[in-house]
Amino acid sequence: MPFQPRFTNGQSLDHALGKVVCIGRNYAEHARELDNPVPDAPLLFIKPATSAVPLEEPVGGPFARSEVHFETELALLIGSPLSGASAEQAEKAVVGVGLALDLTLRGVQSELKKKGHPWEIAKGFDGACPLSRFIALDEVPDWSALEFSLDIDGQRQQHGQVSDMLFPVPVLLAEMSQHFTLEPGDVVLTGTPAGVGKLEQGTELTFELALPNGETLRVDTRVAD
């Protein structure tokens, strides 16, 4: 069945997820921790709809093929078409915010990069994009001030602030829309902060998205054995 984005109130979007559009290295410290250059333009790639699974379910992956690394990200749900949009137009197309894991077969990706090949098989495998439910944007007082985090077995592993992004969300969405149309039901991942690492099977994961009004979206899950 196609993945259906849902809101925290239980309602679902009228559109199934079409694609997941991602940006690499949108936090300077994350680029440096992987010994990558800090980009001067958005580095874009796409995960297919078949990569999306509910974040609430145990997180899996092809562990036998390579180390599976986690990258926690703020996810944006698109509610209206965007093509060749301005930053102002792009910002108005967002209807929900949530959390995502950009799972990566790091060894496979490293080999592909050495050869100058695309990353898709390291980033787009089935289950490579666990997604939370989305908070409707009209419930978020200032979504540009959001913070998010990942704890593993009770220890803080990643913490990100939207204000630390190299490319602000409206600018990022507008740039994406110059290259391909974003459609209702599409999800945009906005980059991961420092602290990425290997998923260890059997560990407990806690994700939190903190709103400026003190409310939080929390997801507790675990890595499958």
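Predicted model: local features only at pLDDT ≥ 70, side-chain atom pairs only at ≥ 80, totals over all residues.
**Sheet.** I started with the open sheet: three strands in the order β7-β4-β13, with antiparallel pairing. Strands here are DSSP runs of E with at least two residues, helices are runs of H or I with at least four, and both are numbered from the N terminus. Two strands count as paired if DSSP finds at least two bridges between them. The edges are β7 (104-105) and β13 (197-198), each pairing on one side only. I then looked up how β4 (residues 68-70) meets β13, and found two bridges, with the strands running antiparallel. F70 sits opposite G197 in β13.

**Ground rules.** Residues are numbered from 1 along each chain as its sequence is written, and side-chain values use heavy atoms, with hydrogens and water left out.

**Helix α3.** Which residues of α3 (residues 106-115) are buried? I get R106, V108, Q109 and L112. Buried means under 20% relative accessible area, exposed over 50%, and partly exposed in between (1.4 Å probe, protein chains only). Seen down the axis of α3, the buried residues fall within an arc of 155°, so they line one face of the helix; the arc is taken from the directions from the helix axis to the C-beta atoms. They pack against β4, β7 and α4 (120-123), contact being heavy atoms within 4.5 Å. On the face turned away from that buried side I found the exposed K114 and K115. Just after α3, G116 has a positive phi of about 75°.

**Cores.** A nonpolar core is a set of buried Ala, Val, Leu, Ile, Met, Phe, Trp, Tyr and Cys residues joined through side-chain atoms within 4.5 Å. The largest has 51 residues, and L74, L76, V97, L146, L173 and L209 make the most contacts inside it. Helix α5 (residues 169-179) gives the most to this core, five residues. Apart from this core lies another, of 18 residues, including A52, A75, W119 and A136. I also checked L146: leaving out residues up to four places away in sequence, L146 touches V140, G160 and Q161, among others.
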